[in-house]
Each structure stands twice: as C-alpha cells, then as structure tokens.
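Subject: Structure handover and notes

Hello,

Please find the structure below.

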Amino acid sequence: MNPQPENFEQLRRLLMLKRHEQPPPGYFDDFSRRVLMRIKAGETGDAAAGIGRMFWEAHWLGRLWSALEQRPALAGAFSLSVCGLLLAGIICSVAPAGPGSPDLVGGSQSLAAIAVPQVSSPSAVFVSSTNGVLPGPLQNSLFEQFGSAEAQPRLIRFSEPAMGQ
Amino acid sequence: MIMTEPASPKAAKQPADEPAEGPPATTPDEMELVKRARRGDLPAYDDLVRRYQERIYATVYHMTANHEDANDLAQEAFIKAFHALKSFKGGSSFYTWVYRIAVNKTINFLKQRKNKAQLSLDDLDLNAEHDPDLVALISEKTPRREVSLAELQEKLNAAMQKLSEPHRLVVTLHDVQGLSHEEIAKVMECNIGTVRSRLFYARQQLQAYLSDYLK
C-alpha cells in the first residue's frame with residue numbers, strides 16, 4: 001500500500017495511458033454515417049432491450065443449469081419430465097387425427113397396418129413387412145379366369161375322314 | 001483489504017485536481033444545430049454526432065472494456081438522443097445531455113452483463129510509446145523497471161474492472177476524459193460532494209491494486 005494514499009499524481013499519470021487506447025484506424029470516419037443509417041431505418045436506440053432480453057434468457061438458463069448441478073433429485077425429476085414430454089410428443093405425432101382411425105395405444109391394430117394405406121377391396125389383404133409391393137385387387141389377377149366356369153375343361157371329339165371317297 | 005468510502009475525503013480539497021481540458025461549452029452554433037436536428041434535419045445531427053462521437057465512444061469503451069459493446073452502445077446513445085431531442089429543453093449543454101444518455105445506457109448494459117467476463121481491449125496507439133509521462137513512469141518511477149507498456153495497460157485495465165460501475169465511471173470521466181467535478185455531477189445526476197467522494201475512493205482502490213507499479 002502506498003504510504004501516502006492521497007497523493008494520486010502517479011496514478012493520474014498512469015491513467016493517462018488509457019487515453020491511448022484507440023479504436024481501429026478510420027473507425028470514426030464512418031461512425032456518424034452508421035448512426036444516421038440506423039435512424040433512417042427506424043431504429044429507436046433501444047436495441048439494447050433485445051440484447052438485455054437475450055442476456056436475461058441466458059441468465060435464466062444459467063440459473064437453471066446451476067440448480068440442476070447442485071440438486072441431483074431435481075436433475076432426475078427434470079430429466080424424467082423431459083423424457084415424458086419427448087414420449088408424449090412422439091405419440092402425438094404418430095397418432096392420426098381422424099376419429100375413425102385405428103387406436104395405436106389400444107393395441108387393436110399393428111403399426112404396419114396403420115402405415116400402409118387401406119385397400120378398397122372387400123377381400124382381406126395381408127401385409128407383411130417383407131412384402132415390398134402392394135397387392136392389387138384380386139379380380140384383376142391374371143389367374144382369375146381359372147376360377148370361373150368358362151375356364152372348365154371340355155371334351156373335344158375329332159372325326160377321322162373316310163378313305164377312298 | 002476492505003476500504004470504505006469516506007464521507008468527506010481530503011482529496012476534495014486538492015487544488016490541482018481539476019483537469020486542464022473540459023467538455024466544450026454549448027455555442028449558439030450548436031444550439032442552432034440542435035434546433036435543426038429537432039426538425040428532422042439529419043445533416044445537422046450528423047454534425048452534432050461528429051463533434052462528440054470520440055468522447056462518447058471513449059467513455060463507453062473505458063466502462064465496458066470492449067470495442068464491439070462500445071460501438072453498439074455509443075451508436076444507440078446517439079440514436080436515442082435523436083429521437084429524444086424534443087424533450088431536450090436546453091437546461092444543460094447538449095454534450096452533457098448526450099453523455100447522460102450514453103452513461104445510463106452503459107450502466108444498464110453492465111448490470112445485465114454482470115457475470116459475463118470479457119476483456120478485449122484495443123491496442124495502444126503508437127503515441128503511447130512516446131508519451132513523456134508514460135516513458136518516465138515506466139523507466140524511472142516504476143519499481144518493476146522491466147515492466148512493459150502492454151503489461152502496465154493490462155494491469156491498469158484489470159484494476160479498473162475491479163471497481164464498481166459508479167466508481168469506474170467517475171475515474172473515467174475525470175482522470176481519463178478530463179471532465180470537471182461539476183460536469184460529472186450533471187452527467188451522473190448527483191451532487192459534487194458525491195463525485196469527489198467517489199473519485200477519492202476509486203483512486204484509493206486503484207492505488208492499492210496497482211501498488212506494485214506505483215512507487
């Protein structure tokens with residue numbers, strides 16, 4: 001400690017050093033133009049409010065983080081609630097909006113059946129995860145004719161022509 | 001070491017305490033510029049900004065110790081002043097009035113930045129190496145003669161950042177910027193006794209922090 005605390009002459013001379021701290025060269029050449037541009041752009045000079053809000057948010061997050069670090073029980077509860085929210089979000093995003101749609105939570109229909117569009121045919125269609133191509137309606141099948149009456153086998157007789165006529 | 005702010009500092013009676021250079025007085029020309037700017041004359045306001053931009057920037061810079069922050073705050077202070085010109089009655093000089101806006105914005109900003117440690121000070125200009133006062137201080141007066149100018153600057157700025165905002169502001173305005181006690185009292189909206197008290201206390205603290213560098 002200085003034995004003569006009220007003699008601040010050296011300190012004042014040392015503080016003169018700060019007068020030599022200058023912004024980059026040419027900084028002030030453009031300063032007023034930038035101010036006028038911001039005035040013309042309609043700024044009111046309260047942009048610090050936005051910065052302040054950002055810092056406030058950062059401060060809020062910082063306080064939450066420090067609280068979580070200090071209290072393991074709170075951290076556990078927080079992580080559980082985050083997981084619950086995540087799970088609820090996934091379920092809500094998967095569940096269809098229509099009232100007649102299948103209820104996944106109830107387990108009445110498989111996920112694959114929900115994911116595949118319903119076929120208009122009344123006949124049952126089985127879809128498996130290994131079936132890459134959707135089956136079309138059965139009446140359009142190439143083999144359908146074998147199931148109809150026209151496709152029944154018929155007896156055909158061939159007559160032998162007479163000799164010497 | 002705990003130091004308390006004295007109620008009536010002896011430093012207030014020091015005769016050579018007042019700085020040689022003070023703020024410029026308000027001239028009729030300046031009042032005319034203010035009137036024109038109040039009517040939306042941007043070239044007139046441009047003239048006013050150019051007159052005080054360096055002083056406003058320097059004050060904000062010495063308070064924030066950061067060029068980007070000082071740039072934003074100084075610009076915003078001038079923008080806010082432009083929009084508030086209608087409320088400027090001329091009771092004080094335009095210079096003092098703008099100063100007050102800049103100082104209030106800076107203090108609010110620093111309160112929000114409280115826990116954000118940052119120090120990105122500008123480099124010293126070339127004139128610093130040739131400043132006779134500083135050369136003498138380093139080569140003769142400083143016990144640590146090997147100390148460099150950059151190290152001295154670093155220590156000085158670190159000590160400044162340890163001061164509270166009102167104390168740092170008083171030191172900046174008086175010992176760095178050269179404002180008189182009366183002008184500082186107007187800017188800070190307090191009485192002269194408070195300014196002197198704060199200045200004395202701030203210098204005492206700085207002297208303690210920098211005792212290794214001051215004989």
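A residue is called buried if 20 or more other C-beta atoms lie within 10 Å of its own, exposed if 12 or fewer do, and partly exposed in between, with the C-beta atoms placed from the backbone. Helices (H or I, at least four residues) and strands (E, at least two) are DSSP runs, numbered from the N terminus.

This is a predicted model, in which local features need pLDDT of at least 70 and side-chain atom pairs count only at pLDDT 80 or more, while totals for chains, interfaces and linings use all residues. Residues are numbered from 1 along each chain as its sequence is written, and chains are lettered from A and ligands numbered from 1 in the order in which they are written.

Chain A

Chain A has 5 helices and 0 strands, so its pattern along the sequence reads α-α-α-α-α. Of its 165 residues, 8% count as buried.

Helix α2 of chain A covers residues 31-40, and its buried residues are Phe31(A), Ser32(A), Val35(A) and Ile39(A). These lie on the same side of α2(A), because they cover an arc of only 95° around the axis (the arc is that of the directions from the helix axis to the C-beta atoms). The face turned away from that buried side carries the exposed residues Arg33(A), Met37(A) and Lys40(A). Just after α2(A) comes Gly42(A), with a positive phi of about 95°.

Where chain A meets chain B

What do the buried residues of α2(A) pack against? They pack against two helices of chain B, α2 (42-64) and α3 (67-83). With α3(B), the packing angle is about 50° and the axes are 9 Å apart. Axes here are lines fitted to C-alpha atoms, for helices over the stretch in contact, and angles run from 0 to 180 degrees between N-to-C directions. The two helices are therefore oblique to each other; angles under 35 degrees count as roughly parallel, over 145 as roughly antiparallel, 65 to 115 as roughly perpendicular and the rest as oblique.

On the α2(A) side the contact involves Arg34(A), Val35(A), Arg38(A) and Ile39(A), which meet Gln75(B), Phe78(B), Ile79(B) and Phe82(B) in α3(B). Two residues are in contact if their C-beta atoms, placed from the backbone, lie within 7 Å. The residues of this contact divide into 5 nonpolar, 1 polar and 2 charged (Ala, Val, Leu, Ile, Met, Phe, Trp, Tyr, Cys and Pro count as nonpolar, Asp, Glu, Lys and Arg as charged, and the others, Gly among them, as polar).

Within chain B

Helix α4 (residues 94-112) and helix α8 (residues 181-188) of chain B have axes that come within 8 Å and cross at roughly 55°. That makes α4(B) oblique to α8(B), and the crossing is right-handed.

Two residues of chain B have a positive phi without being glycine. Ala65(B), at about 60°, is found in the loop between α2 and α3 of chain B. Ala65(B) is partly exposed, with 19 other C-beta atoms within 10 Å. Glu189(B), at about 55°, sits in the loop between α8 and α9 (192-209) of chain B. Glu189(B) is exposed, with 10 other C-beta atoms within 10 Å.

Regards

Definitions and conventions
Left-handed = near helix turned anticlockwise from the far one by under 90°.
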